[in-house]
Amino acid sequence: MAVSMNDSVTAGLPVRRKFDTGSLIGLVAIIVIGVAGYFLFPNNLALLTRIIAIMLLVLSIDLVTGYCGVATLGHAALFGAGAYGAGIAAVHFGITEPLTMTVVGAIAGALAGLISGIVILRAHGLPQLVLSIAVIHLFHEAANKASAWTGGSDGLAGIAPDALLGMFQFDLWGRTAYIYGLVLLIVVFLGLRVLVRSPFGMLARGAREDPIRISAMGASVKSVLLRMYVISGVVAGIGGALTAISTQVVGLDSLSFTLSAESLVMLVLGGTGSLYGAMIGTVVFMWFEDLVSAANPFHWLTMVGALLIAVVLFAPKGLYGSGAVILGRFKGGRK
Amino acid sequence: MSALFEVRGLNKNFGGLTVTNNVSLSMTTGDRVALIGPNGAGKTTFVNLVTGHLKPTSGDIRLAGQDITGANATSRVRMGLVRSFQVTRLFYDMTPEEHVALAVLQREKRSGRVMGHYAGMPEVMDEVREILELLGLVELSHLKVREIAYGQQRLLEIALAMALRPKVLLLDEPAAGVPQSETARIEHALDKLPSDLAVLMIEHDMDLVFRFAKRVIVLAAGTIIFDGSPKAVTQDARVREAYLGSYANASSAA
Amino acid sequence: MQTVFSIAIDALAYGMVLFVISIGLSVTMGLMRVVNLAHGAFAMIGGYLASYAARDLGLGYAIATLIAVIGTIIIAIPIERFLYRRIYGAPELTQVLMTIGITFCIIGIANFLFGPTLKTIPLPQTLQGSADLGFRSIATHRIFAILCGLVVAGALWFFIERTAFGIKLRAAVDNAAMAAALGVRTEVVYAVSFAVAVGLAALGGVVGAELLPVEPYYALRYMVTFLVVVAVGGAGSIPGALIACLLLGAIDTTGRYLAPEYGEFFFYLAVILIVTIFPRGLAGRLK
Amino acid sequence: MKRLVAAAIAAAVLSSAAYADTIKVGVVGPFSGPFALQGKNFKAGIDAYFAINGNKVGDDEIEVIYRDVPQADPAQSKALAQELVVREGVQYLAGFYFTPDAMAATPLLEQANVPMVIMNAATSAIVTASPYVVRTSFTTWQTSSPIAKVAKDGGVTKVISVVSDYGPGIDAENAFKTAFEKEGGTVVEAIRMPLSTNDFSPIMQRVRDSGAEAIFAFLPSGPTTLGFVKAFNENGLKGAGIKFFGPGDFTQESDLPALGDAGLGLQTTFHYSVSHDSPENKTFVEAAAKAIGNPAELSFPSVGAFDGMYVISKMIEATGGEQDAEKAVEAVKGLSWTSPRGPVTIDPESRHITQNIYLREVVKDADGKYINKEVQTFEKQGDPGLAFVKK
């Protein structure tokens, strides 16, 4: 029923504040965890960098799936486009400056986002899922065919990025790549925080909840989703470029259905519709995979499967989503 | 000289079935028109034709002298033809403030911005406050919509329509589902609608119709059978015939 | 002309194999509204059981097939009871997560029990070899698969459209609450349809094994194919699935004959085209 | 601060090299996923080596650390190789089933001062990626070329080539085409089909229509080879007398039981058959079969791994356990020994293995088991594909 003035109303008022505490907390958390990772696992930086790159892909899926409600099993197309974009720029055009490579990756990702958006947004539900599958297979096949440019199934090797800012070489320990990845992640995270709170972010959330209402407001739902697809392409493209720069090789796996499906699983595992969910899902899945596959590669698939089932049974909103609910209940209980 | 909003010779057939039959009407600035009719008269189809969700078989629709028959639903909204919904369509995880802000931003063509927060845009905030105050929703402005009462959600529907500053507003049963005790608030809100706005209200509640409308149009079996003053409507033989039996409440309310 | 005939026969055979394997998924997705990515896993279980029964126990093909279907259903019952029942009506993504999890587990277990090598199901003498059609020969087991497809399509159509259970099922799909109010035990209806779907998967796994050999990654390898078939046909529609299979079979076969190096492009472009023109699947327009 | 950490790590790496009497070897391969069987064979080969020769070289003990890359995934492979070098302090990298995975790790070698021994990945170009790469397996060019001579000798002049449309498939096509045209034959048509092809009937129709007398085919070992061979038989091509040639990936021993009688008579050329008749191979197969558990799963990657360990042990011997990639690689250049597959040499020029390639035919042995029976030997084959590597 109607709630008059009570504490939750006053609690809501600080929305007016200019300063975004949520972003600050997230920022501090990323930096603390990132730095801790650097010192706790100094010999695993390559793996951590890889986690960051995939995290960018998962964040990018969250933009279209979590915030806009588009189901996709083909999002690696955007990631792979970024990776190949940056890689081809380096190998065939001699663009080896890492920042420029990243920008090229972002643009390639945005283009791939535009193309897949145009196709995928033509249907809903299961047919949409199938369109996304078709898109990723077409991208994969195209890259396989264009082996003169992409190296085909042998992979695109020979990417040799310059020193970052002319000072920091991409070294054996992967320190530069890791720190660069961390910085990219922070920039993207802050950018996305701004985006999801922005008018456009509200519009996108609205488009997921009730597209008819959005069009009754005079906004074209399709255009909103397509723009979001392009933005998500930028994010995924940056992730792809980071892979190309840090591993110096790009394989067809970066354009695969497997990667698309795996990263969607990571997102759902963490919880859709929140940036933290996407990041937590990636870390937990990849960490779990690394741990289990090192311990017992012959059975890791069974254990990963069991993990996924357990999450559906006991944390149906994903790890972050369900965690937030439990925390909220706990707080509510105290009040 | 043309009317603000005009529908001429509108027809819609589904297969062999004619659902809208040669409907014509026109409205000018400040009009308060009620569209009534028994169930199955074709009101919903009419709304869908006007808002652009259905394509008419023939006939045309004009807004401010411009033919909008071929325009799609969203561009009609942008041209100033706005509707509200019979069943509340709101974003349950957003606050009323966010709803209205989004509508204002959309109207101002600022909803595509990927930076900034509406709270940091004073002119937007001022307008949002103003509308929420006008409709008595200020106290709820930071609650999630799922937490507020249905009557208040209906008010928010009206608030959203106002925020879009339409030229013509189609109100689809604004009081539907609202308990009798709260209809007064809805009525009150309708009074606050800008006086130069042309309003076409589809409504079942005859009390509301008579208090609000200056003119009543009766639709039956897809055809307009009456267009005139609220006083005259109950006297009209064809209207009585159309409603007889099928809509006993109407006569009692009249 | 002969070539056209020949391609048409290949297309028919391939399409029917697809149909037998995918139709169960169409039932779960269309009638029970579950995005069941584990469908291939059940087909695989069927394949393994039949292979074990026929090769290791030396039983006949028919008995092995029967064991596969019944065995898979028995294995699936607890899975339905404890896992699937939790996701009926849940959001699509949750269903995806759950059924992928189940698939992973089944793959892992199959790998552990049967090892990573290919398993075959020995065909009976009558199904071995090829039949001569005059201008070309066709494998006998393919003719068998075509017949199986026709029988399954007919039986399923009869089951859903003409039996009391079918009426209950359709009622439960249209409006579960209403059906329950009318005394339909929706839980039982769901369990039975799930069993039917799983049984069909197992049958498909056995009949299709000549084309899609049984090995642990079967469940993932062909998942996409099954999904595509169901989406193109329109989930839940038997005629839709049948037409989709024949159409996709024809596109795939023709593409691979005319321009094998672009076969993949052909196929997926056609899928995009069909799905865009018929967003609810082929059956969405046919009805 | 940063420099301090770096110094500490460097010191750690160096010290592990200088004083350790445990020498670590990092093996990257597919130990889970659809290709787990091949990874299992790596492990079986390595275990067999230790079972036969022990795990000690002088005073130094060899310790193998496995890392799993389930499918071709160069980024993951590089990350794991890096981790092996930096964290585990491995002195040797080995394994690598897929070419892109091997390629991804080669840029590390020089900086890390680590040699890499390829136990499978079969694209010619890998050895050119770094001077620290040595290969003990084969290349697709190497195994696909000799069959051209077999075809020619069998009186075949017109062949249709059918390969999977990916790197190794294209390699096989080019290798066969080059060799066969040199023999004076013609490849009437070259078909590349997508890796995901399940139904090969339309392809067989093409083969029939092409009027070729024989088919040269390459598919990655695994489920699709089965469908391909069956389609070949069932569509009446076998009956029509069309001959079937291909490299041995087609008839890897672990797929033979599934192929059954359909596989009988298939002729393939390859560097190794589990049934190779020599005392060395008998010892090897005994040990490897024990290591893998199920002898039916034993296949060609095991011998690449076995010989890879032999090469690594020679490297350790030459360097006395010191970490010195250059010296290690130098020591095995020109190394010759008798492998289970027959006499082999590491070509000092390319660092690729020179070996006999055998023509084999699938037959049933006395116990009713399907085997690849060696019928002809092409001695001392190098890698003809190297000439075509783009510089």
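Two strands pair if DSSP finds at least two bridges between them. Keep that in mind for the first stop of this tour through a predicted model.

**Stop 1: the sheet in chain B**

Select E6(B) and strand E7 (residues 168-172) of chain B. Three bridges join these two strands, and they run parallel. Zoom in on Val82(B): opposite this residue, in E7(B), stands Leu169(B).

Now show the whole sheet. Six strands form an open sheet in chain B, in the order E6-E7-E8-E3-E9-E10, and the pairing is mixed. Which strands stand at the edges? Strand E6 (81-83) and strand E10 (223-228) of chain B do. Each has a single partner strand, so one side of each is left without a neighbour in the sheet. Look along the sheet for the twist, which averages 20 degrees from one strand to the next.

H1 lies across strand E3 (32-36), E6, E7, strand E8 (198-202) and strand E9 (215-220) of chain B. Its direction is at about 150 degrees to E7(B).

**Stop 2: a helix pair in chain A**

Move to chain A and select residues 98-120, helix H5, together with residues 125-145, helix H6. The two pack at an angle of about 145 degrees, and their axes are 9 Å apart. The crossing of H5(A) and H6(A) is right-handed.

Show side chains next. From H5(A), pick Ser116(A), Val119(A) and Ile120(A). They meet Gln128(A), Leu131(A), Ser132(A) and Val135(A) in H6(A). By class, this contact has four nonpolar, three polar and no charged residues.

**Stop 3: between the chains**

Colour by chain. Which chains share the most contacts? Of the four pairs of chains in contact, it is chains A and C. Chain C gives 35 residues to this contact and chain A gives 31 residues. On the chain C side, select helix H4 (92-114), helix H10 (223-233) and helix H12 (263-277); each supplies at least two residues. H4(C) brings the largest share, 16 residues. The chain C side has 26 nonpolar, six polar and three charged residues.

Then check two pairs that do not touch. Chain B and chain C have their nearest C-alpha atoms 15 Å apart, without contact. Chain B and chain D are not joined by any contact either, and their closest C-alpha atoms lie 33 Å apart.

**Stop 4: a loop in chain D**

Finish at Ser278(D), in the loop between strand E11 (267-270) and helix H12 (279-292) of chain D. Is Ser278(D) buried or partly exposed? Ser278(D) is partly exposed, because 14 other C-beta atoms lie within 10 Å, and a buried residue has 20 or more. Last, draw a distance to Phe388(D), 110 residues away along the chain: the C-alpha atoms of Ser278(D) and Phe388(D) are separated by 34 Å.

Definitions and conventions
Residues are numbered from 1 along each chain as its sequence is written. Chains are lettered from A and ligands numbered from 1 in the order in which they are written. This is a predicted model: local features need pLDDT of at least 70, side-chain atom pairs count only at pLDDT 80 or more; totals for chains, interfaces and linings use all residues. Two residues are in contact if their C-beta atoms, placed from the backbone, lie within 7 Å. Helices (H or I, at least four residues) and strands (E, at least two) are DSSP runs, numbered from the N terminus. Ala, Val, Leu, Ile, Met, Phe, Trp, Tyr, Cys and Pro count as nonpolar, Asp, Glu, Lys and Arg as charged, and the others, Gly among them, as polar. A residue is buried if 20 or more other C-beta atoms lie within 10 Å of its own, exposed if 12 or fewer, and partly exposed in between; C-beta atoms are placed from the backbone. Axes are lines fitted to C-alpha atoms, for helices over the stretch in contact, and angles run from 0 to 180 degrees between N-to-C directions. A crossing is left-handed if the near helix is turned anticlockwise from the far one by less than a right angle, and right-handed if clockwise.
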